[in-house]
Amino acid sequence: PNHDPQSSAKAKVSLWRLLSYSTWKERGMMMFGVIMATFSGLGIPAWLVLLAQSLDTFSNLGSLIARVGGEGLMSYLQQELFQLCVAFAIVGLICLVTGALYVSIWTYTGEKMALRIQNQFVRASMNQDAA
């Protein structure tokens, strides 16, 4: 398309045109990055569910005392909180790994595509007449 340098409107490139500079391997990596970003994003709702369980454990102390008894309450609470801490750690580890994966994958594919676009631009510029 013709681009007027005097025009203040920026030329827009569609997503499909931008993705045409990627290879099939990079497209597959980007899809894997989207899946990893989804798992990373699901960490917050999972964390909220675990937080609700921990708050529910502490808010029902009266029923726990009646069910477990006063002497076994501390060991029961320690066991419940240990399980919740392990679950928090697992969710955090999953979010860390998936977050690092999707950021690194998208950074890698973006850099490769930008380099490919720059190379094509330089090649097209060199093929033009200097006059």
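**Exercise 1.** Is R116 buried, partly exposed or exposed?

*Solution.* The model is predicted. Start with the relative accessibility of R116, which is 24%. Next, take the cut-offs: buried means under 20%, exposed means over 50%, and partly exposed lies in between. R116 therefore counts as partly exposed.

**Exercise 2.** Find how many salt bridges the structure holds, and describe the pairing.

*Solution.* Side chains of opposite charge can pair when their charged atoms come close. The structure holds 1 salt bridge. E26 forms a salt bridge with R116. Their closest N and O atoms are 3.0 Å apart; the cut-off is 4 Å. Now place the partners. E26 sits in helix α2 and R116 in helix α5. They are 90 residues apart, so the pair links distant parts of the chain. Finally, check the cover on E26. Its relative accessible area is 3%, so E26 is buried.

**Exercise 3.** Classify the packing of α2 against helix α3 from the angle between them.

*Solution.* Helix α2 covers residues 24–41, and α3 covers residues 43–59. Their axes lie 4 Å apart, at an angle of about 20°. Angles under 35 degrees count as roughly parallel. Hence α2 is roughly parallel to α3. For the contact, list the residues on each side. F39, S40 and G41 belong to α2, and they meet G43, I44 and P45 of α3.

**Exercise 4.** Which residues form the nonpolar patch on the surface, and which helix gives the largest share?

*Solution.* The patch consists of F32, L93, L96, V97 and L101. Together they have about 450 Å² of accessible area. Assign them to helices next. Helix α5, residues 73–127, supplies the largest share, with 4 residues. F32 lies in α2. Its relative accessibility is 38%, so F32 counts as partly exposed.

**Exercise 5.** Locate K112 and give its C-alpha separation from R27.

*Solution.* K112 lies in helix α5. Its relative accessible area is 35%, which means K112 is partly exposed. Along the chain, K112 and R27 are 85 residues apart.

Methods
Residues are numbered from 1 along each chain as its sequence is written. This is a predicted model: local features need pLDDT of at least 70, side-chain atom pairs count only at pLDDT 80 or more; totals for chains, interfaces and linings use all residues. Side-chain values use heavy atoms; hydrogens and water are left out. Patches are made of residues with over 30% relative accessible area and no salt bridge: like charges are joined within 9 Å, nonpolar side chains (Val, Leu, Ile, Met, Phe, Trp, Tyr) within 5 Å. Accessible areas come from the Shrake-Rupley method with a 1.4 Å probe; for residues, only the protein chains shown count as cover. A salt bridge is a side-chain nitrogen of Lys or Arg within 4 Å of a carboxyl oxygen of Asp or Glu. Helices (H or I, at least four residues) and strands (E, at least two) are DSSP runs, numbered from the N terminus. Buried means under 20% relative accessible area, exposed over 50%, partly exposed in between (1.4 Å probe, protein chains only). Axes are lines fitted to C-alpha atoms, for helices over the stretch in contact, and angles run from 0 to 180 degrees between N-to-C directions. Angles under 35 degrees count as roughly parallel, over 145 as roughly antiparallel, 65 to 115 as roughly perpendicular and the rest as oblique. Contact means heavy atoms within 4.5 Å.
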